[in-house]
Amino acid sequence: MEECSTGALVPAVKAEPFLSSFGGSVDPCSSDIGRLTEEKGMSEVDKDLLCPICMQIVKDAFLTACGHSFCYMCIITHLSNKSDCPCCAQSLCKNQLFPNFLLDKLLKKTSAQQISKSASPVEHFRQALQQGCEVSIKELDTLLALLTEKKRKMEQEEAERNMQILLDFLNCLRKQKVQELNEVQSHLQFLKEDISVVERRRMDLYRAKDRYSVRLRTLGGDDSSNGARNSWPSSVDNNFSALRVRGGTSSWNIQGRGLQRNDALSASDSQFMNQSGLAVARKKRVHALFDELQECYLQKRRQMNQPYSQLLRDRSIIPREGYTAGLADFQSVLTTLTRYSRMRVIAELRHEDLFHSANIVSSIEFDRDYELFATAGVSKCIKVFDFSSVVNDPADMHTAVVEMPTRSKLSCLSWNKFTKNHIASTDYEGIVTVWDVDTRQSIMEYEEHEKRAWSVDFSCTEPSMLVSGSDDCKVKVWCTRQEASVLNIDMKANICCVKYNPGSSNCIAVGSADHHIHYYDLRNVSQPLHVFTGHRKAVSYVKFLSNYELASASTDSTLRLWNVKDNMPVRTFKGHSNEKNFVGLTVNNEYIACGSETNEVFVYHKEISKPVTWHRFGSPDMEDTDDDAGSYFISAVCWKSDSPTMLTANSQGTIKVLVLAA
């Protein structure tokens, strides 16, 4: 009676012969089983020799009473949990197990055959010699000659391969160095051309200066020329005209072209020393940022190697003969970058509230004409100040011209770019409110956000449109003429910031907790125009420098600049510290400024990745120590248009008006 099992087929010890797959009977104890396995092929034999339990080659084969073979340890372990055969489920106990000597013998033979088939000719020859195979001296000589020739051939091939590898390396290195040489030669050619142009321009300036000196002497004589020269204001002084600067050992009053200073030095000597000192300081700043400036120069020369007249990027520079667009653009960068080396405080006030101990200023923004600025934060009140009064009034405490109390803590402000007296706010309850500063009343209140709203922004091109973002993962577009949102964008992460493109009311940038910046066209919000990736943590702010330049801040302690036209990253800025708080971000045409959790304000030039300068806040109640400064952080910053003046505030409620200085 034939035995059929559901597991892997294994040889079974039986008295009667079994039917082979080739027809006819085969004695299990005969040597024909070896030939049978060879004819069936190793793949099928390997399968037949597997243990049905562990699916490995059977080790220490044991046979059950029902005719199945297993590894000894496998079947013993199985029977310690169950009392049946793993293949046919018949009742089985340990007393019904018997050693399968035939299968063990077959396994050993099969293993030896596999080793023999996989052995190399040298291994076969070694085994034959070990087993006493007779070989004549003549055969050994012939074999040694063949081996020697084979060795020489292999050594030659190995040497050729080594030479080819060395040659490939040298050719690759030569190609790389030739490319570097060509690049250096190209850079040297740029420098040669630009040095020649700048030298000619410098000589033109010297000649013009001599002509002016002669003309002045001709018109008024030596004495009058000296007086005229002394009364001529410097370019640095012009930057701070009409500002009264407090603090320091001396006081400057700049009115029009008049310059007065109580000092022992004469006006001409003082001016000469100031100009000389400024020149030395600017050269030091160039050397401090030399590597970054070098890369900036070469990049601009490579990208803009056309005549200056074809690509005029800076209209403040008069086109000169021989100037390329790259050189002119780099000159503009170098001029603006080295113009300032520090920030000076020109005014300071406290954002205090008698009814609230917390004074964190979450947002500070200028109005349309940069005459008023508004502050908001955890004190649940929007305060509006007159900028000129804050700068010119020497009082320590400045009074807000308008105060508008709110129901909840505020997170963001945005002035309407067309209607001067309208300002929008978002708060911790998710309410978006549009206020009339003149009447001190809310015009519209939108309560569709389900969680805290972090950001709001008025469109620069459409007076009635504004956009907001919230922790409810929604971006909502509003119209001041409607009571409900006109557009909704559902996203997968909390929204931290939103900003309109200044050149279009159709495009917005959205920064979120998923570390990305999503750039949308509001005419089709099914998917973003582009997703900018690179930040390693939440994106806390997005600001546009121009229609195609977007700056972003993140709690990964970096700022990044993006090109939204070409959808590519431009530069990463590092130097400040920001890991958990909203520390502010503000931009103008050339500079990017942000706060730091070290209670410092950092200013970057958009072409250089390192800070240009920074200013540390100090407590007004005690000395400026590291421990005191480290307990607060900068919470809001805002440039005054494209001027060097900036509003800054920290988590203590201190507001400072800073100005970039030489």
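Alanine 636 stands opposite alanine 649 in strand 34. The model is predicted: local features need pLDDT of at least 70, side-chain atom pairs 80 or more, while totals for chains, interfaces and linings use all residues. Residues are numbered from 1 along each chain as its sequence is written, and side-chain values use heavy atoms, without hydrogens or water.

Student: What makes strand 33 and strand 34 a pair?

Tutor: Two strands pair if DSSP finds at least two bridges between them. Strands here are DSSP runs of E, at least two residues, numbered from the N terminus. Five bridges join strand 33 (residues 634-639) to strand 34, so they pair, and they run antiparallel.

Student: How do you know that strand 34 pairs with strand 35?

Tutor: Five bridges join strand 34 to strand 35 (residues 654-661), again antiparallel. Threonine 645 has valine 659 as its bridge partner in strand 35. Three residues lie between these strands in a hairpin, and glycine 653 in the turn has a positive phi of about 95 degrees.

Student: Why is serine 470 called buried?

Tutor: Buried means under 20% relative accessible area (exposed is over 50%, partly exposed in between; 1.4 Å probe, protein chains only). Serine 470 is at 0%, so it counts as buried.

Student: Which residues of strand 34 are buried on each side?

Tutor: Thr645, Leu647 and Ala649 are buried on one side, and Met646, Thr648 and Asn650 on the other.

Student: What does serine 470 touch?

Tutor: Contact means heavy atoms within 4.5 Å. Leaving out residues up to four places away in sequence, serine 470 touches residues including His449, Trp454 and Ile495.

Note on methods: Helix = DSSP H or I, 4+ residues; strand = E, 2+ residues; numbered from the N terminus.
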